Structure formats: structure tokens, C-alpha cells
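Please read the numbered points below alongside the sequence and the model.

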Amino acid sequence: YIESYKLAVTFEDKKTKIVDLKSYLDRGVFLPLRDLDYFRSVQLAGNTIAWDNEADFCPDVLYKIGKDVL
């Protein structure tokens, strides 16, 4: 966790990217993630990130939307 709805995610190719998920939290299973305390409870789940309510993101999507850390 970095701040707001941003996470630093390291991928299999060893690249670390900053992923801002704010614009993805507007419907369905992602709505509870708008609560920052809950958002910060993110966990690794297999090869991606997830929350206790079964919300998760495809790692390919995270990679695509992430900004490279310089």
C-alpha cells in the first residue's frame, strides 16, 4: 500500500509498478474497497491481489494499468 487507492505491485518479470485502482471501484464487488481501511487489507492471493470479499484483479490488467517505478 502506498496512499489513497495506490499499490506498488511487483510482477514475475521483477518490474514494480504503481497501480491506482480508484477508477475501478465504482460497482459490484469492488464498492467496499472505497473504504480505505478495507482497501488497505489487500493480500496476495496466488498470482494477484485480493480482498476478503473475493474482489480481485487480473494480474494482466494490473500490469497494463500500472505505471513503471523509475
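1. This is a predicted model, in which local features need pLDDT of at least 70, side-chain atom pairs count only at pLDDT 80 or more, and totals for chains, interfaces and linings use all residues. Residues are numbered from 1 along each chain as its sequence is written, and side-chain values use heavy atoms, with hydrogens and water left out.

2. Most residues other than glycine have a negative phi. K14 has a positive phi, near 75°. K14 is placed in the loop between β1 (6-10) and β2 (16-20); strands are DSSP runs of E of at least two residues, helices runs of H or I of at least four, numbered from the N terminus. K14 counts as exposed because its relative accessibility is 70%, where exposed means over 50% with a 1.4 Å probe, protein chains only.

3. E54 likewise has a positive phi near 75°. The loop that holds E54 runs between β4 (48-50) and α2 (59-65). With a relative accessibility of 70%, E54 is therefore classed as exposed.

4. The volume of the largest pocket is about 330 Å³. A pocket is an open set of points on a 1 Å grid over the protein atoms alone, where a 1.4 Å probe fits, with protein on both sides within 12 Å along at least five of seven lines; lining residues have an atom within 4 Å of a point. Grid points are joined across faces, edges and corners, and the volume is the space filled by probe spheres set on them.

5. Of the 18 residues lining the largest pocket, V9, T10, F11, N47 and T48 are the closest to its centre. The elements giving two or more residues to this lining are β1, β3 (43-45), β4 and α2.

Definitions and conventions. Buried means under 20% relative accessible area, exposed over 50%, partly exposed in between (1.4 Å probe, protein chains only).
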